[in-house]
Amino acid sequence: MDDDSLQKIPLMNIKAAILSVLALLCSLCATAQYQYQIYPVDWKELKTLVKEEPERVRELVRRISTPQRDTTLTYPDQIIAYFGQSLLTNDSEERLVHAMDQAYSEENYAEALAQAEKVLAVNPVNIKALIRAAYAIANMREAGDESHAHEEGQGYYSRAIRLLDTIAATGYGSEEHPFHVTKIADEYLFMGHYLELDAFGSQSLVDCCDVFELGKGNRLYPDSVIYFDATRVLELEAAMFGGGNNPAAELPTGSRGGRVAPQGSPCRSLWGGVVRF
C-alpha cells in the first residue's frame with residue numbers, strides 16, 4: 001500500500017460507519033443554503049479555558065482518543081480537545097513528526113510506527129501521526145509482518161477521522177465560514193481523507209485564511225474553492241520566526257509556500273455565533 005503524500009484515500013473500509021456527517025455535508029453543500037450548525041473556534045475564549053482549566057482539556061483529549069468513540073462527546077467538547085491540545089503542546093512534537101516522516105519515506109514502517117507512537121505520546125490528537133500509524137501497520141501486514149493487528153490500524157485511522165470530523169464542524173469551507181485548523185498538514189489531510197478531494201490547484205494566504213483553488217469539487221464538496229482559517233498556524237509560525245503576538249505578521253519569504261499576509265493584516269472574524277466553552 002503506497003501513501004507518499006498522505007492525500008490518497010486508504011483502502012480501509014471503515015469510513016461508512018464513522019462519517020455519517022459526510023452525507024449531511026454533501027447534501028447541504030450541494031445547495032447554496034448552508035443550514036447545519038457549525039462551531040467556529042473562539043481562540044481568545046479557548047486560551048482562557050486552557051489557562052484556567054487545563055485538566056478539563058486533557059480529560060477531553062483522553063476521551064476523544066479512546067479506541068471506541070465516546071458518543072457522549074459534543075462537538076464543542078471535541079473542539080476543546082483538538083484545538084485546546086494545540087495550546088498545551090505548541091507543536092513541541094514536530095521534531096518527532098520529522099523523524100516519523102523520514103522513516104516512512106524510507107519504507108521503514110516499523111520505525112515509522114514507533115515514531116508515530118512517540119508523537120502521539122506528546123500530542124494524542126496529531127492527525128498526521130494517527131494516519132501514518134494506520135498506514136504503517138497496513139504496509140507491515142502487507143509485507144507479512146503481523147505483529148500488529150488489522151484492528152489496531154483501524155483504531156488509529158478511526159481516531160484520525162474523529163478529529164477530521166471535528167474540523168468539519170468548525171465551518172463550511174467558505175470565505176465567510178472557513179474550516180479551522182492548527183497545522184498546514186491537516187488542511188491536506190482533511191481535503192484528501194475526509195472530503196476525498198484528489199486534486200488541488202493554487203494555494204494562497206488571504207488575511208488569516210489558506211485558500212485552495214480546487215478547479216472543481218466532488219460529491220462531498222462541490223465548491224471550486226476551499227478556505228481554512230490558519231490563525232493558529234500563523235501564530236505558531238510567528239512565534240518561531242520572532243513575529244511577536246500578531247498571527248498575521250509577515251513571515252519570511254517562502255515560509256508558507258504561498259502569499260503571506262501583509263504586515264499588520266488583521267485576522268477577520270466574519271462569522272456570527274462561535275463556540276462557547
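A residue counts as buried when its relative accessible area is under 20%, as exposed when it is over 50%, and as partly exposed in between, with a 1.4 Å probe and protein chains only. At 43% relative accessibility, Gly201 therefore counts as partly exposed. The model described here is predicted: local features need pLDDT of at least 70, side-chain atom pairs count only at pLDDT 80 or more, and totals for chains, interfaces and linings use all residues. Residues are numbered from 1 along each chain as its sequence is written, and side-chain values use heavy atoms, with hydrogens and water left out.

The confidence of the model is considered next. The predictor's confidence in each residue, from 0 to 100, is called pLDDT. Its mean over the protein chain is 81, and 75% of the residues reach 70 or more. Over residues 1–5 the pLDDT is below 50, and this stretch has 11 contacts in the model beyond near neighbours in sequence; a contact means heavy atoms within 4.5 Å. Residues 245–277 also have a pLDDT under 50, and the model gives them 77 contacts beyond four places in sequence. Where pLDDT is low, the predicted coordinates should not be read in detail.

The protein chain contains 11 helices and four strands. These elements are DSSP runs numbered from the N terminus, helices being H or I with at least four residues and strands being E with at least two. Of the 277 residues in the chain, 51% are buried. Among contacts between residues at least 6 apart in sequence, 66% join residues at least 24 apart.

Because 14 of its 19 residues are buried, H9 is largely enclosed by the rest of the structure.

Gln85 lies in helix H5 and, at 6% relative accessibility, counts as buried. Leaving aside residues up to four places away in sequence, Gln85 touches Val57, Val61, Ile80, Val122, Asn123, Pro124 and Val125. Asn90 is placed in the loop between helix H5 and helix H6 (94–105), and its relative accessibility of 42% makes it partly exposed. Most residues other than glycine have a negative phi. Asn90, although not a glycine, has a positive phi of about 50°.

Gly201 and Leu214 are 13 residues apart in sequence, and their C-alpha atoms are 5.2 Å apart. Beyond residues up to four places away in sequence, Gly201 touches Glu213 and Leu214.

The empty spaces complete the picture. Rolling a probe the size of a water molecule over the atoms shows where empty space is left. On a 1 Å grid over the protein atoms alone, a cavity is a set of points where a 1.4 Å probe fits but cannot get out; a pocket is an open set with protein on both sides within 12 Å along at least five of seven lines, and lining residues have an atom within 4 Å of a point. Grid points are joined across faces, edges and corners, and a volume is the space filled by probe spheres set on the points.

The largest pocket has a volume of about 360 Å³. Of the 16 residues that line it, Asp91, Glu94, Lys183, Ile184 and Glu237 lie nearest its centre. H6, H10 and helix H11 (231–240) each supply at least two lining residues, and the largest share, four residues, comes from H11. The structure also holds three cavities of 30 Å³ or more. The second largest cavity contains about 40 Å³ of space, and its lining consists of Arg63, Ile64, Arg69, Asp70, Leu73, Gln78 and Arg162.
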